[in-house]
Amino acid sequence: MRIIYIIITGALLSTALLWLGRLGKLQRRTAALLTAACMLLSGVLLLLAVLPGNSFYGNVLTHGNSERKQIALTFDDGPYPPYTQNLLQVLAAKKVRATFFMVGENAARHPEVVRLVQSQGHQIALHAGYHQDLLKLAPAQLKENIAYGKRTLEQLTGQPVHYMRPPHGFKDWLVLQTMQEAGLQAVNWSVIPRDWTNPGVAQIVNRVCSSAEPGAIVLLHDGDSPKQAAPREQTVAATAQIIDRLQAEGYEFVTIEELVH
């Protein structure tokens with residue numbers, strides 16, 4: 001069952017209970033308590049759907065082995081020229097590999113960038129076929145969105161795609177079931193510096209480095225989906241400093257695949 005249906009049902013039930021209390025069909029105190037319980041349950045279920053760090057609806061990877069001083073840099077919403085290429089230059093200079101969660105329609109628009117990412121040894125994973133809130137899609141739309149994105153990346157790279165991060169990290173039972181049926185493991189994050197808001201290079205660096213820990217998965221953005229408008233110079237510059245600071249602390253940068261295995 002979709003979380004949106006549960007929330008709608010909860011809202012309708014809450015309204016009905018309030019009316020029953022007002023009409024005297026139910027004690028007002030009882031009606032109020034039942035209404036509060038419905039609203040609380042709906043709120044908790046919605047919160048679990050939008051918060052990244054839980055597996056209530058199914059298995060979601062948010063961090064790796066905490067016994068090894070490894071950390072995974074991940075980049076969402078690309079490919080997005082010229083920022084993806086600029087970021088690749090930084091990673092190449094630092095000899096660091098990362099994981100790129102790509103949007104299918106962006107990949108189809110910039111196949112040369114997808115192949116460049118692959119040729120430099122980075123891991124390519126799926127963000128979505130189209131950058132949409134998957135919680136709002138009908139089952140057939142959800143399945144097609146994921147299938148299109150996975151098919152596009154696999155055709156461009158000639159390699160299977162095993163991991164996916166749903167847009168915004170939002171998930172419910174159907175989202176995770178559909179991903180699983182497509183052979184995709186859900187991946188969210190444990191460190192989020194909100195770099196897409198462009199808060200300043202120093203702010204991005206400090207937010208990542210102050211939260212870094214063994215096994216962490218860091219969410220950054222080389223792209224800006226679906227608007228394709230915001231600049232990503234701050235993320236590019238911050239990435240270089242993040243690598244320098246955390247390497248000095250003894251961290252090894254790995255892909256999601258390496259972090260898992």
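User: What is the volume of the largest pocket in this model, and what makes it a pocket rather than a cavity?

Analyst: In this predicted model, the largest pocket has a volume of about 270 Å³. It is called a pocket because its points form an open set, whereas in a cavity the probe fits but cannot get out.

User: Which residues line the largest pocket, and which elements give two or more residues to the lining?

Analyst: The lining is made by 16 residues, of which Asp 77, His 131, His 168, Trp 196 and His 221 lie nearest the centre of the pocket. The elements that give two or more residues to this lining are β2 (70-78) and β7.

User: Why is Cys 209 called buried?

Analyst: Cys 209 has a relative accessible area of 8%, and since buried means under 20%, Cys 209 is therefore classed as buried. Cys 38, with a relative accessible area of 16%, is also under that limit and so is buried.

User: How many disulfides does the model contain, and how do you know?

Analyst: The count comes to zero disulfides, because a pair of cysteine sulfur atoms would have to lie within 2.5 Å to be counted.

User: Which residues of helix α8 are buried, and how do you know whether they lie on the same side or on opposite sides of α8?

Analyst: In helix α8, which spans residues 201-211, Ile 204, Val 205, Val 208 and Cys 209 are buried. They cover an arc of only 115 degrees around the axis, and this is why they are placed on the same side of α8. Among the elements that cover the buried residues of α8 are β7 (216-221) and α9 (233-248).

User: What makes strand β4 largely enclosed by the rest of the structure?

Analyst: Six of the six residues of β4, which spans residues 123-128, are buried, and the strand is therefore described as largely enclosed.

User: How do you know that β3 and β4 pair?

Analyst: Strand β3 (residues 99-103) is joined to β4 by five bridges, and the two run parallel; because at least two bridges are required, they count as paired. In this pairing, Met 102 stands opposite Leu 126 in β4.

User: Why is Glu 154 called partly exposed, and which residues does Glu 154 touch?

Analyst: Glu 154, found in helix α6 (residues 139-157), has a relative accessible area of 24%, which lies between the 20% and 50% limits, so Glu 154 is partly exposed. Not counting residues up to four places away in sequence, Glu 154 touches Gln 159, Pro 160 and Val 161. From C-alpha to C-alpha, Glu 154 and Leu 126 are 9.9 Å apart in space, and they are 28 residues apart in sequence.

Conventions. Residues numbered from 1 in each chain as written. Predicted model: local features only at pLDDT ≥ 70, side-chain atom pairs only at ≥ 80, totals over all residues. Heavy atoms only, no water. Buried < 20%, exposed > 50% of the residue type's maximum accessible area, 1.4 Å probe, protein only. Helix = DSSP H or I, 4+ residues; strand = E, 2+ residues; numbered from the N terminus. Arc of directions from axis to C-beta. Contact = heavy atoms within 4.5 Å. 1 Å grid on protein atoms, 1.4 Å probe; cavity = no way out; pocket = protein on both sides within 12 Å on 5 of 7 lines; lining within 4 Å. Points joined across faces, edges and corners; volume = space filled by probe spheres on them.
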